[in-house]
Every structure is written in structure tokens, then in C-alpha cells.
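Have your viewer open and your selection tool ready. We will go from stop to stop, and at each one you will find something to select and something to look for.

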Amino acid sequence: MRADLALAQGQYAGALTTYNTLLTNETYGRVMRIRVGNALLGMRQFAEAEAQFRAYLDSGDRTAFASARLGLANALYGQGDYSRA
């Protein structure tokens, strides 16, 4: 997926735009919140990234549970909330 390549190359805004369009996609939608969160982490938008990771974790889906927990920890750390990270 091009958005994954953009994310890997540090083009976070471009990746975020594509990921946001896929949030409602039946095939990719379940894990898109994690990818959106990762793009937001790259843009240093930690509170917004936290919201995306929490939304995934609250959904009950466990396909990418470990990635979501790692992303959440990074978002909390980025906000200076070291005890919860």
C-alpha cells in the first residue's frame, strides 16, 4: 500500500490522508486506526495518536492488539505521561 511506503519514508501527512480515507473500508478498516495513530506519532501529535490507539483497543478487535498497545505507550510517553506509558 502506498500509504505504508509514505509512512516508512517519513511522509506522515500523505500517509495520514490515505489512511483516513480507508477508515471505513471493510477490508482495512479494522486496523487503520493503528496506522493513523502511527502517522500521528510521526507528526508528534501525541494526544490525537492516543485517541486513535484507544479507539482501536476499545473496539474489541484483537488483530493488532500488540501494535496498538505499543503505539499507545509511545503516545503517552510523547505527552510526558511516563508512569502510564
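Predicted model: local features only at pLDDT ≥ 70, side-chain atom pairs only at ≥ 80, totals over all residues.

**Stop 1: alanine 3**

Start by selecting alanine 3, which lies in helix 1. Is this residue buried or exposed? Alanine 3 counts as buried, because its relative accessibility is 2%. Now show what surrounds it. Leaving out residues up to four places away in sequence, alanine 3 touches Ala15, Thr18 and Tyr19. For a sense of scale, draw a distance from the C-alpha of alanine 3 to the C-alpha of threonine 27: the two are 15 Å apart in space and 24 residues apart in sequence.

**Stop 2: aspartate 4 and arginine 35**

Next, select aspartate 4 and arginine 35 and show their side chains. They meet in a salt bridge, with 3.6 Å from N to O. Aspartate 4 belongs to helix 1 (residues 2-8) and arginine 35 to helix 3 (residues 29-42), so this pair ties together parts that are 31 residues apart in sequence.

**Stop 3: helices 4 and 5**

Now colour residues 46-59, which form helix 4, and residues 65-78, which form helix 5. The axes of these two helices come within 8 Å and cross at roughly 155°.

To see the contact itself, show side chains on both helices. From helix 4, select Phe46, Ala49, Glu50, Phe53, Arg54, Tyr56 and Leu57. These meet Phe65, Ala68, Arg69, Gly71, Leu72, Asn74, Ala75, Leu76 and Gly78 of helix 5. Colouring this contact by residue type gives ten nonpolar, three polar and three charged residues.

**Stop 4**

Is glutamate 50 buried or exposed? It is buried, because its relative accessibility is 13%. Beyond its neighbours within four places in sequence, glutamate 50 is in contact with Leu72, Ala75, Leu76, Gln79 and Arg84.

Glutamate 50 forms a salt bridge with arginine 54, and their closest N and O atoms are 2.8 Å apart. The two residues are separated by about one helical turn, because they sit four residues apart in helix 4. Arginine 54 is partly exposed, with a relative accessible area of 31%.

Arginine 84 is in the segment after helix 5 while glutamate 50 is in helix 4, so the pair ties together parts that are 34 residues apart in sequence. At 49% relative accessibility, arginine 84 counts as partly exposed.

To finish, select Glu50, Arg54, Asp81 and Arg84 together: salt bridges that share partners join these four into one network.

Methods:
Residues numbered from 1 in each chain as written. Heavy atoms only, no water. Axes fitted to C-alpha atoms, helices over the stretch in contact; angles between N-to-C directions. Contact = heavy atoms within 4.5 Å. Nonpolar A, V, L, I, M, F, W, Y, C, P; charged D, E, K, R; others polar. Buried < 20%, exposed > 50% of the residue type's maximum accessible area, 1.4 Å probe, protein only.
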